[in-house]
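Subject: Handing over the structure

Hi there,

Here is the structure I promised to pass on to you. Please open it alongside this email, and take your time with it.

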Amino acid sequence: MRSFHNIPLPILITEYGSNVQKGLSTAEAESRIGQYGNNTIQLDKGKHPLKIFLLQFNNLMVYLLFFAAGMSFWFNEHLDATAILLVIFVNAAIGFWMELQAERSMNALKKMASVPSKVIRDGKLIEVASEELVPGDLVFVEAGDMITADARVISATQLSVNESSLTGEAMPVEKIATELVEGISLADRTNMLHKGTFVTSGNATALVVATGMHSELGKIAHLVQGAEQSATPLEKKLQVFSRKLIYITVALVVLIFIVGMFTHGDYVELLETSIALAVAAIPEGLPIVATLALAQGMMKMARHKVVVKKLSAVETLGGTTIICTDKTGTLTQNKIEVTDVITADESTGKSKQIMQQIAVLCNTASIQISENGIKEVGDPLETGLLKYAYKNGENIEQLRQQFSKVGEIPFSSETKMMATVHGINSSFIVYAKGAAEEILNQCTHILIGSEIQLMNKEAKGHWKIKSEQLAEAGLRVIAGAYKENASQHSLLTNDLIFAGLYGMMDPPASDVFDAINECKEAGIKVVMITGDHPATANYIAHQLGLAEHNNTIVGKNMKPFDQLNEQEKQLWLNTSVFARVTPAHKLDLVTVLQEKGNIVGMTGDGVNDAPALKKADIGIAMGMRGTQVAQEVSDMILKDDKFSSIVHAIKQGRVIFNNIQKFVIYLLSCNLSELFVVSLAALSNLHFQLIPIQILYINLITDVLPALALGVSNGSPLVMKHQPRNPAAPLLKTKQWYAVWIYAAIISISTLGAVLFSHFVLHSGERFDPKLCNNILFLTLIVCQLFHVFNMASVKISFFKSEVIINKFVWYALALSGIIMVSVFFIPPAREALILQQLKWSDWVAVAISALISLLSIQILKRMNLIQDED
C-alpha cells in the first residue's frame with residue numbers, strides 16, 4: 001500500500017492536479033467522485049435482503065409454530081398444517097418488509113448525521129458533505145473538527161490531533177508540514193492527518209490523498225465488516241415477553257394433558273388442543289410492530305431536526321429528568337449582532353479602527369456577500385464581528401491581504417481568549433480577543449486617543465465594572481486588545497494594549513419559553529450551563545424563568561468531583577445556572593447529577609465537551625455550530641440547535657415508549673384471552689373448541705393491523721404532564737401485568753357468554769349444534785379483540801378525544817379487519833376451511849352485544865381506577 005508521508009509536497013500537489021492557493025475546481029471535484037467513489041466507510045455491507053428474510057424465521061415463537069405445523073401433518077390435519085405454514089410465511093413477509101423499511105430509515109438517518117468538511121475550491125473556503133471529498137482537495141481543519149479523509153499537511157498552526165481511534169495513543173500528537181523519511185510507522189507520521197481522528201487544538205490546511213475505504217481507517221474497516229450488532233434493551237425486554245408466553249403455554253399444555261388423561265383420555269384430541277394452544281400463544285405482530293414504532297418515531301424526530309443515532313437512546317429519552325443545556329444558540333437565537341462598541345478612550349479615533357481590525361483579523365470565520373444576502377461560514381460570534389466591521393465600511397478581504405497572518409493561538413475554553421500575529425512592512429502586530437476579565441488580566445497598557453498609556457489596577461477595575469454593566473443588560477461581552485512591534489515568536493498574549501469592549505446581543509429564542517414550561521410540567525429540570533459572564537447568564541435565566549433567585553455557580557468556584565462534600569453536591573443539584581464553566585466542570589456536573597439518581601441529557605458543541613457528552617445518559621450535539629467530534633460521540637444531533645427540538649425529542653421518546661407499551665398490552669391480553677378460551681374449553685370438555693386454523697385467522701386479523709395502528713399513534717396530549725419514567729424499569733409494571741390478565745379474563749368471559757346466550761336463549765329448545773357454538777365463539781373473540789383496541793386509550797381525558805379515537809390509522813385498521821372477517825363468508829373454500837356457516841341476524845347481534853359488554857366492562861373498571869395500565 002502506498003505511503004504519502006515521504007513524498008515531496010510539490011510532487012504530490014502536481015500528481016493530484018491541485019493548487020496550493022485555489023484547490024480544485026468544483027467541476028473537477030465532481031468528476032473525481034466518479035473516479036474515486038464517495039468518501040464513506042462501510043463498517044458492514046448491510047444485510048442482504050435474503051438474509052433479512054431468513055432471519056424472520058430465527059426465533060423461538062416461529063420454532064413453536066413449525067412444531068405445531070409438524071404435529072398437524074402427523075395427525076393428517078393437512079389443512080391446519082398448511083394454514084400454520086402460510087401464516088408463518090405471511091408474517092415473515094410482513095416482518096421482512098418492515099425490517100427493510102426500518103433499515104432504509106436508519107440509512108437515511110445516518111446520511112442526516114453526516115458531518116461537513118471545510119474545503120478550498122475555486123479559491124474559496126466552502127463547506128461540503130464529507131462524502132464529497134476527493135483526492136486533490138485542499139481541506140481546512142481546526143480544533144473540534146473530525147478529519148474526514150487521509151491528508152498530507154501543507155501548513156499547520158499549533159496543530160494537535162487525537163489519533164486514539166486509529167493508533168490507540170491517548171495523548172494528542174503534534175502535527176507539522178515537514179517531509180519525513182520512508183519506513184516510519186503510522187503513529188509517527190506527524191505530517192499526515194488520518195480519517196476518523198480529530199483536531200484537539202490549532203488549525204491546518206492539508207491535501208487530501210486518500211478517501212473512503214482507501215484511507216487507513218478504511219483498511220481497518222475491512223476487518224470488522226459483518227460484525228453482529230447486539231440487541232437493544234427494548235428488544236431484550238420483548239424477548240423476555242415471548243419466553244414468558246411460551247412458559248405459560250407449556251404450563252397450560254401440561255395441565256390439560258393431566259386433566260384430559262383422567263377424563264376422556266383422547267390423546268389425539270389432547271395433542272390437537274396443544275397445537276391450538278401453541279398457535280394461540282404466539283403474538284405474531286409483536287416484533288413487527290416494535291420495529292415499525294421505533295423506525296417511525298425516529299423518522300418523526302428527524303423531520304423535527306433531531307437525528308437519533310442509537311436505538312437505545314429512544315428508550316432513555318422518555319426517562320430524562322434533567323437537561324443541561326448551553327445558552328448560546330440553544331436557548332438563544334444564535335443571531336449574534338454587535339450592538340455596542342466601547343473603545344478604550346470612548347471615542348471614534350484610532351481605538352475604533354483597532355477594534356475593527358481585531359474583529360476582522362483575530363477571526364477564522366468568513367462571510368460571503370451576494371445579492372441574496374450574507375452567507376456565514378464559521379462561529380456565529382466571529383461572523384457577528386465580521387458583519388460589524390463590514391457594516392462600518394471595512395473591506396474584509398483587502399484587510400486580511402494587507403495584514404497577512406503568520407501565527408495564531410486558537411481560542412480554548414481554558415484560556416477563554418484567542419490571539420493572532422500578522423506581518424506588515426517587515427514588522428509584526430498581535431491582535432487578541434476574548435472574555436473581558438481574561439483580556440484585561442493580560443493588558444499592561446491602554447490606548448487613549450493615539451497615545452499608549454500604562455494601565456493600572458484602577459483602570460482595569462473600571463473596565464471590569466463596565467463589562468459587568470453590559471452583561472447585566474443581557475449582552476455578551478468580549479474585549480479586544482493588541483500589541484505593536486511584536487516578535488513573530490514572542491508570547492502573543494503578554495503585555496497587551498487594551499482597545500475596548502464589544503457588546504453583543506443574542507436574544508432568547510421565541511419558542512424556548514413554551515418549551516421550558518413544558519419541561520416543568522413534565523417533571524424535567526432545565527439547567528443552563530454557559531461560558532458567559534455570570535451577569536449575562538443570570539439576565540437570560542431570569543427572562544426564561546429558569547432561576548428565581550441569583551444562585552448562579554461560577555466555574556472558578558467549582559471544585560473537582562473527588563473533592564466535593566455532600567453539601568456542595570446538593571448545592572449543585574439545586575442550582576439552575578452555571579457560568580464561566582469549562583468542559584471539565586461539565587463532566588463533574590454530569591457525574592454529580594447521575595450520582596443523585598438523575599437521567600441526564602447534556603448538550604455540547606466543542607471538542608472538549610466530548611467526555612461530558614459521552615458520560616451523559618443522552619449526549620446531545622449541536623448540528624449547526626457543534627464540532628464534528630461532539631457529533632461523533634453524541635447519542636443525538638440537533639440539526640437546528642434549538643432547545644425546543646430537545647423537548648420535542650423527549651416528548652417523542654415518551655410517545656414511542658407509550659405506544660410500545662400499549663400494543664404490548666393489547667397483544668398480550670388478546671393472546672392470553674385465546675389461551676384462556678382454548679384452555680377452558682379443553683378443561684371443561686366442551687365440544688365447540690377453536691381449531692388451530694381459526695386461531696391463526698383470529699391472529700391474522702387482530703395481531704397485526706390494530707397493533708400497527710397503535711404503534712404509530714401521535715400519543716396522548718398528557719404525555720408531558722407526568723414525571724419521567726425510569727429506563728431501567730421493566731416494560732410493564734406489576735399493575736400493568738394485572739391489567740393484562742383482567743383484560744384477557746373479561747374478553748374470555750364475554751366470548752364464552754355469547755356462546756351460552758346463543759345456545760340457551762336464542763336457540764333454546766333446539767338440538768345442540770357444536771358448529772354454531774364454535775362459530776359464535778370464533779366471531780365473538782374476533783370482535784371483542786377488535787373493540788379492545790379502544791381500551792388502550794388514556795382514561796385521563798375524554799374517551800371521544802383520546803389518542804386512540806382520533807388516530808385515523810386505528811379506524812383504517814378496524815375497517816380493513818372487519819372486511820377481512822366478513823369476506824370469508826363469501827369465499828366457499830375459506831368458509832369450509834374455517835368450518836363456518838351462515839348465522840342468523842340475532843346471532844350477529846349477540847356477537848356485537850358481547851363485544852360491547854367486554855368494552856364497557858373494561859372502561860368502567862379503568863375509570864373507577866380498579867384497573868391501571870398507564871404510568
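Residues are numbered from 1 along each chain as its sequence is written, and side-chain values use heavy atoms, with hydrogens and water left out.

**Confidence**

The pLDDT (the predictor's confidence in each residue, from 0 to 100) averages 84 over the protein chain, and 89% of the residues score at least 70. Over residues 223–229 the pLDDT is below 50, and this stretch has nine contacts in the model beyond near neighbours in sequence; contact means heavy atoms within 4.5 Å. Where pLDDT is low, the predicted coordinates should not be read in detail.

**Helix α17**

Helices (H or I, at least four residues) and strands (E, at least two) are DSSP runs, numbered from the N terminus. Helix α17 spans residues 512–521, and its buried residues are Val-512, Ala-515, Ile-516 and Cys-519. These four cover an arc of only 100° around the axis, which puts them on the same side of α17; the arc is that of the directions from the helix axis to the C-beta atoms. Buried means under 20% relative accessible area, exposed over 50%, and partly exposed in between (1.4 Å probe, protein chains only). The cover over the buried residues of α17 includes β9 (322–326), β20 (525–529), α18 (534–544) and α23 (643–683). After α17 comes Gly-523, with a positive phi near 75°.

**Two buried polar residues**

His-585 sits in helix α20 (residues 583–595) and counts as buried because its relative accessibility is 13%. A polar atom of the His-585 side chain lies 3.2 Å from the backbone oxygen of Gly-555. Gly-555 is also one of the residues in contact with His-585, along with Met-558 and Arg-580, if neighbours within four places in sequence are left aside.

Thr-603 belongs to strand β23 (residues 600–604), and at 1% relative accessibility Thr-603 counts as buried. Its side chain reaches the backbone nitrogen of Asp-326 at 2.9 Å. Not counting residues up to four places away in sequence, Thr-603 touches several others, including Cys-324, Thr-325, Lys-586 and Ile-646.

**Salt bridges**

Side chains of opposite charge can pair when their charged atoms come close. There are 22 salt bridges in the structure, each being a side-chain nitrogen of Lys or Arg within 4 Å of a carboxyl oxygen of Asp or Glu.

Glu-521 and Lys-721 form one of them, at 2.6 Å from N to O. This pair links distant parts of the chain, 200 residues apart: Glu-521 is in helix α17, and Lys-721 is in the loop between α25 (705–711) and α26 (734–762). Glu-521 is partly exposed at 43%, and Lys-721 is partly exposed at 46%.

Glu-142 and Lys-118 meet in another, at 3.5 Å from N to O. Here Glu-142 in strand β3 (residues 138–142) is linked to Lys-118 in strand β1 (residues 116–121), 24 residues apart. Lys-118 counts as buried, at 15% relative accessibility.

Lys-559 pairs with Glu-568, their closest N and O atoms being 2.8 Å apart, and Lys-559 is partly exposed at 35%. Finally, Glu-337, Glu-376, Lys-387 and Lys-391 are linked in a network of salt bridges.

Note on methods:
Predicted model: local features only at pLDDT ≥ 70, side-chain atom pairs only at ≥ 80, totals over all residues. Polar contact = N/O pair within 3.5 Å; in protein donor to acceptor, adjacent residues only side chain to side chain.
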